[in-house]
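Please open the model in your viewer and keep the selection tool at hand.

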Amino acid sequence: MTKIVVLVKEVPDAAVQKQVDSSTGRLDRSGEKTLNPFDTHAIEAALQLKESGALDVDEVVAVTVGPSSAVKALHKAVSLGADRSIHLTDDALVGSDVVGTGYALAELIKRESPDLVLAGQQSDDGQSYAVGAAVAEYLGWPGLTQVIKLDVDGQTLTCERQAEYGYDTVKVTLPAVISVGDAINEPRYPSLKAIMGAKKKPLESLSLGDAEIDASKVGEAGRKAVWTGSQEPPAKAAGELIEDEDTAETVEKIVAWLDDRKLI
Amino acid sequence: MSHDPTLNPGDVLGLDADLRDDEREVRDTTRRLVREKLLPNVAEWFEQATVPVELMREFGALGLLGLHLDGYGCAGASPTAYGLVCQELEAGDTGLRSLVSVQGSLAMFPIHRFGSDEQKDEWLPRMATGEAIGCFGLTEPDSGSDPGSMRTTARRDGTDWILHGQKMWITNGSIADVAVVWARTDDGIRGFVVPTDTKGFSTQDIHGKLSLRASITSELLLDDVRLPETAMLPGARGLGGPLTVLGEARLGICFGVAGAARACLEAAVDYARTREQFGKPIGAFQLTQGKLAEMVSRVAAAQLLALRLGRMKEAGTLTPDHVSLGKYSNVSSALEVARTARTILGGNGITLEYPVMRHAANLETVLTYEGTHEVHALVLGKALTGISAFT
Ligand SMILES: Cc1cc2nc3c(=O)[nH]c(=O)nc-3n(C[C@H](O)[C@H](O)[C@H](O)COP(=O)(O)OP(=O)(O)OC[C@H]3O[C@@H](n4cnc5c(N)ncnc54)[C@H](O)[C@@H]3O)c2cc1C
Ligand SMILES: Cc1cc2nc3c(=O)[nH]c(=O)nc-3n(C[C@H](O)[C@H](O)[C@H](O)COP(=O)(O)OP(=O)(O)OC[C@H]3O[C@@H](n4cnc5c(N)ncnc54)[C@H](O)[C@@H]3O)c2cc1C
């Protein structure tokens, strides 16, 4: 029997403008929230492993670290097919950086001792692309990122990673932490029945004390990365707009433009 | 002078905030289904006067069928959640909403409400998944607004029932595996669960429809169809049976047409802002703005009315009069909005390239089915005066 933990995060809705709050140095996360869209690929990957029988999965558990509103993300994860969920929430967690979040998640994962941990490639807000790796480090398990294909043979996973140029094929032995790329699958629609039933599935809410997590390693207290300031990226020179009135003439203009710059 | 718009035609009154999380999720999932899988194809289905039967399985897998019923694989969603699903489907096309309304409210609901345990066990789980399709046969060639005049009969032969007659305008008729048929017996009007492969049962599709084209409409022919005693719905006696069933579906219509109206408003606003004549967007002309103001008022009122009816249903305070009010008001508003949107889109408005004329044509059916506009006016008139003007 195999257990899969999927790491999920609540993020501001894609339509919400994101900015750093200069008074706290943290991301302003007000406004409509939703489940990080990248994490739906991790849930889908877990469900496909379960449904295809590639792994003998008896449970998919969604885990999040986040404020009280993050239960919504857990409900969504469960409506997509996770069997139950765990929510670590505590005032002392506010302001955790990637390392602190990774540590807290790793502690939660130890309590569950799963065979496989799946994460999204990035969050839609923080976009560090790093939590999966931090979790793997704390667990001392192999960690892979940007995985877009997963094949299982017993306890061995053969993963295809999207590398900068081409693909890497990597074999790992379970247990492992895998961050999946969004090209790995097409997440299913949640069933309306599962949506209506989501609140009835088990949701365990834990404080740092409940989970025996060291409060000095998370939140403001454990923070290693500090936001010091931000600035607009340098403005790019405006491009040149060519109106297409006569196509032959337009082509000539484009060719002349490219020629000027010795590009052709 | 041109600024960013400050009203969102998709949710003018911010009703989103009055929905529960699960209702919003259900709505968003259906909206996504409509946008990704239905809208790209619906114009073609409309043009070819068909709707793919396979959609039923897909809808079933998603839990759309019998969404508001409890047990038997159904989600047990709130009436409002069910209404929101209808709203999103009908923002796509009335035919798609009808596919789901007929299955969930007109076919599954009577079995769920009035059926025996055997009837429920036999049909509901398969209907919830879309494996079995249902239809509802009340209307006849000579009996429309006055269903009490129906001629289809069910007579006893030993313990069996023999059904004989003809049903007309039956949505999903020829693709159905089971028909809920209403017939006259010695004991008044009763409902029967008729497997469509029973000897003597046949169907004929109605062609040449200029409305609700992305939907199958058929005639049912019942030529001495022999059914066991157990085929009768034990819980429904008299016209109250089918009328209760129609009331259930009408709530979905109140929401549904608000969705069609919203889609037309959105298309019209978009067009008005981008189409230029006389050197400016047609949305800059006062006549166009007057039309948009009228449309947005109707859409906002329709959405508000639908949501109120859903909440009243949940609270147990909804009466048939309220549902008549909802159908009467919302369908005529939606039709008005669709026709006005059609004018804003000019020549493009009459094509299948844009949704407005398709909606306007579909809404002509909605004006007539599930109780005609006139019949609902009579219901409201009677409710207000205490005087019946039906006959
Ligand atoms: C400028 C700035 C401001 C910040 N402001 C805040 C703030 O206001 N409040 C705050 O809480 N944090 C804040 N943080 C911290 C940071 O957003 C979190 O530590 C975050 O959880 C870690 O990284 P990420 O979101 O970039 O995740 P990524 O590394 O991009 O995410 C990869 C995957 O890891 C998993 N994952 C990530 N986070 C979680 C989680 N919390 N629970 C479960 N799974 C997870 C998901 O599967 C996700 O797909 C801020 C960071 C920065 C740089
Ligand atoms: C596309 C489509 C799908 C349908 N699907 C189904 C289905 O699945 N199952 C089903 O059973 N039926 C279905 N119907 C039938 C529909 O419910 C009937 O068409 C409707 O009840 C009206 O009946 P009728 O067409 O016979 O019109 P009639 O009843 O003949 O009405 C004609 C006109 O007379 C008016 N009228 C009638 N009586 C009065 C009165 N007392 N006072 C004032 N005006 C009056 C009507 O309002 C209408 O304007 C469908 C119809 C359509 C068009």
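How many residues of domain 1 of chain B are in contact with domain 3 of chain B? The count is 34 residues of domain 1 of chain B, which touch 33 residues of domain 3 of chain B; contact means heavy atoms within 4.5 Å.

This is a predicted model, in which local features need pLDDT of at least 70 and side-chain atom pairs count only at pLDDT 80 or more, while totals for chains, interfaces and linings use all residues. Residues are numbered from 1 along each chain as its sequence is written, chains are lettered from A in the order in which they are written, and side-chain values use heavy atoms, with hydrogens and water left out.

Select residues 15-129 of chain B for domain 1, then 240-385 for domain 3; these bounds come from an automatic or database domain assignment. The C-alpha centres of the two domains lie 20 Å apart. Between them, domains 1 and 3 of chain B bury about 2,600 Å², 63% of it on carbon and sulfur atoms. Buried area is the accessible area (1.4 Å probe) that two parts lose on being put together, summed over both.

Next, select B:Arg311 and B:Glu23, which form a salt bridge with their closest N and O atoms 2.9 Å apart. A salt bridge is a side-chain nitrogen of Lys or Arg within 4 Å of a carboxyl oxygen of Asp or Glu. The rule finds three salt bridges across this interface of domains 1 and 3 of chain B.
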